[in-house]
Every structure is written in C-alpha cells, then in structure tokens.
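My notes follow in the order I took them.

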Amino acid sequence: LNLAQNVMVYEGSASHLRRRLFSGLHSMYGLAALLAPVVASLFRWMGASWRDCFLVLALLPILVALGGTRLRTTQQVAEPTKRGLNFSEWIYCALFSCMMAFYLWGEISATTRMVQWLRADLNFTPDQANLYLGGFSLAILLGRIFFSLMHFEGVDNWRILLVSAVLSCALYMLGLRHSPLWFLPCGLAMSPFFPVAMEQVSVTFAKKNAEALGFVLGAGSLSVVVMHLTLGVLTDAFGVGNALYIGPVSLLVVAVGLTFKTLRAVPLELR
C-alpha cells in the first residue's frame with residue numbers, strides 16, 4: 001500500500017509539484033502519530049481497555065475501503081519498464097536504503113519510546129507523557145503540511161535532506177540531555193526528510209522508480225524491526241534514556257553521509 005501511494009504520486013503529478021505532494025502524502029504519518037496518543041488518553045478517560053481501542057480503530061480502514069469501491073479511473077497506465085535495475089543501480093539503491101533506515105531509526109525511536117522514557121526516567125504521568133508525544137507528532141504534521149504548501153524553488157532535495165538531518169540530530173540530543181521540550185522543534189526539523197527522500201528516489205530512478213521505491217521501503221521496514229530489537233536489548237542493559245541515544249547517533253550517520261555526498265555519485269545509467 002505504501003509503495004503504491006508513492007508510485008502514484010510520482011506518476012500522476014507534474015514535476016514541479018512532486019515534492020509538495022510527497023510532503024502532503026506523508027503528513028498522514030504525522031496525523032496518525034498525533035491521533036494515537038490522543039485516542040489512547042481518550043479511551044483511558046472513558047475506562048475502556050486497549051482491546052476496545054484496537055477494535056474501534058480497526059473499523060476505520062474498513063470505512064475507507066468501502067468508500068474506495070466508488071472510485072473509478074480512465075487514466076492510461078504506462079507500460080512497465082522491461083529492464084530491471086543493474087548492479088551499479090542496485091548499489092546506489094542500497095545506499096538510499098541505508099540512509100532511509102538510519103533516518104527511520106531516529107524518528108521511530110522517538111515516537112515509540114518517548115512515553116516510556118518520560119515515565120521511567122522523568123516520572124511523568126501517562127497523560128503528561130502522551131501530551132509530549134502528541135506535541136512531537138503535531139510538529140511533524142505541521143512541518144509536512146508546510147512543505148506541501150511551499151515550493152522552495154531553487155533549493156534542491158539534497159540540501160533539504162542535509163539540513164533536516166543535522167538539525168534533527170542536534171535537537172534530539174538536546175531533548176535527551178536538557179529538556180523534552182526540544183523534541184517539539186526536533187519534530188519540525190524531521191518533518192521534510194522522509195517525503196523529500198521519497199521524491200529524490202523517484203526522480204533519480206525515473207522509469208525504474210517503482211522497483212527502487214519497493215526496495216528502499218522494504219529495507220526501511222526491515223530495519224525498523226532490527227531497531228526495535230536493538231532498542232529493547234539496550235533498554236534492558238542501560239535503561240531507556242541511554243538506549244535512546246541510538247536516535248541522534250543514527251541521524252548523525254545520515255548527516256555525515258550526506259555531507260560527504262555519498263549519494264550524489266549517480267551511476268551513468270541513471271543520468
């Protein structure tokens with residue numbers, strides 16, 4: 001589903017709108033992450049169980065699916081490319097995948113462990129911790145909405161990715177060492193990275209973008225599984241607060257890779 005959405009945005013939009021549309025598409029993650037703690041708190045106040053919460057939320061995709069049955073299209077579908085990625089293109093695709101994996105380690109470590117960290121290390125109440133997580137998610141949502149409205153003509157994707165990674169790393173570290181309030185601007189700094197990276201992958205691989213995006217998204221999802229396992233082991237050994245330093249370290253790796261232009265050496269076949 002994620003792959004289909006990204007491919008449709010690339011193939012169904014004008015080149016000058018793609019970055020904005022990718023930002024709009026991926027604002028759904030910020031919205032979902034914002035609603036999750038709010039809904040969790042609401043169900044707590046109502047005295048409902050987690051099982052009840054999941055059952056209610058499971059109905060929403062069914063409603064979307066029922067609404068989708070009324071959609072029809074007459075658009076001509078482009079013929080798929082007959083030639084897959086060659087060896088050098090796979091290497092380049094792997095570099096993109098590593099960049100996305102390390103970025104996801106930064107973002108998802110915060111969204112999935114912030115409440116646990118605030119409660120365990122800073123003695124926040126459940127509702128206070130959910131409020132901070134909601135603020136972080138709201139910042140991501142607002143940032144992506146902003147980038148969906150603004151074009152930033154003359155600013156290339158690589159510059160946006162580098163600035164986003166550097167600021168996210170610094171603000172994440174400040175949030176851990178000084179005050180969780182720093183996670184609010186950190187969410188804003190993180191917001192453009194994922195959609196802009198998706199747009200850059202699509203532009204780089206052009207007619208082969210579906211295959212490249214599938215590999216990048218699949219590798220990113222697999223890396224998140226590894227991240228959860230790693231964070232669990234580190235939390236058991238050193239505590240959740242220390243384990244979360246894996247977030248800024250991962251973002252630093254992304255920033256260093258972009259600084260040395262590791263991903264700009266585009267294979268001749270893609271130029």
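Which residues is leucine 188 in contact with, leaving aside its neighbours within four places in sequence? I found Ala139 and Gly143, where contact means heavy atoms within 4.5 Å.

Before going on, I noted that this is a predicted model, in which local features need pLDDT of at least 70, side-chain atom pairs count only at pLDDT 80 or more, and totals for chains, interfaces and linings use all residues. Residues are numbered from 1 along each chain as its sequence is written, and side-chain values use heavy atoms, with hydrogens and water left out.

**Leucine 188**

I placed leucine 188 in helix H7 (residues 183-190). Helices are DSSP runs (H or I, at least four residues), numbered from the N terminus.

I read H2 as residues 18-45, 28 residues in length. From first C-alpha to last, H2 reaches 41 Å, close to the 40 Å expected; the expected span is 1.5 Å times one less than the number of residues. I noted a kink of about 25 degrees in H2, centred on histidine 26. The bend at a residue is the angle between axes fitted to the seven residues ending there and the seven starting there. After H2 comes glycine 47, with a positive phi near 80 degrees.

How do H2 and H5 (residues 126-149) pack, and at what angle? Their axes are 8 Å apart and the angle is about 160 degrees. Axes are lines fitted to C-alpha atoms, for helices over the stretch in contact, and angles run from 0 to 180 degrees between N-to-C directions. I therefore logged H2 and H5 as roughly antiparallel, a term for angles over 145 degrees.

**Serine 148**

I found serine 148 in H5. Is serine 148 buried or exposed? Serine 148 is buried, because its relative accessible area is 17%. Not counting residues up to four places away in sequence, serine 148 touches Arg20, Ser23 and Gly24.

**Helix H9**

I listed the buried residues of H9, among them Asn209, Leu213, Gly220 and Met227. The buried residues of H9 pack against helices including H1 (2-11) and H4 (87-121). Glycine 239 follows H9, and its phi is positive, near 95 degrees.

Note on methods:
Helix = DSSP H or I, 4+ residues; strand = E, 2+ residues; numbered from the N terminus. Parallel < 35°, antiparallel > 145°, perpendicular 65-115°, else oblique. Buried < 20%, exposed > 50% of the residue type's maximum accessible area, 1.4 Å probe, protein only.
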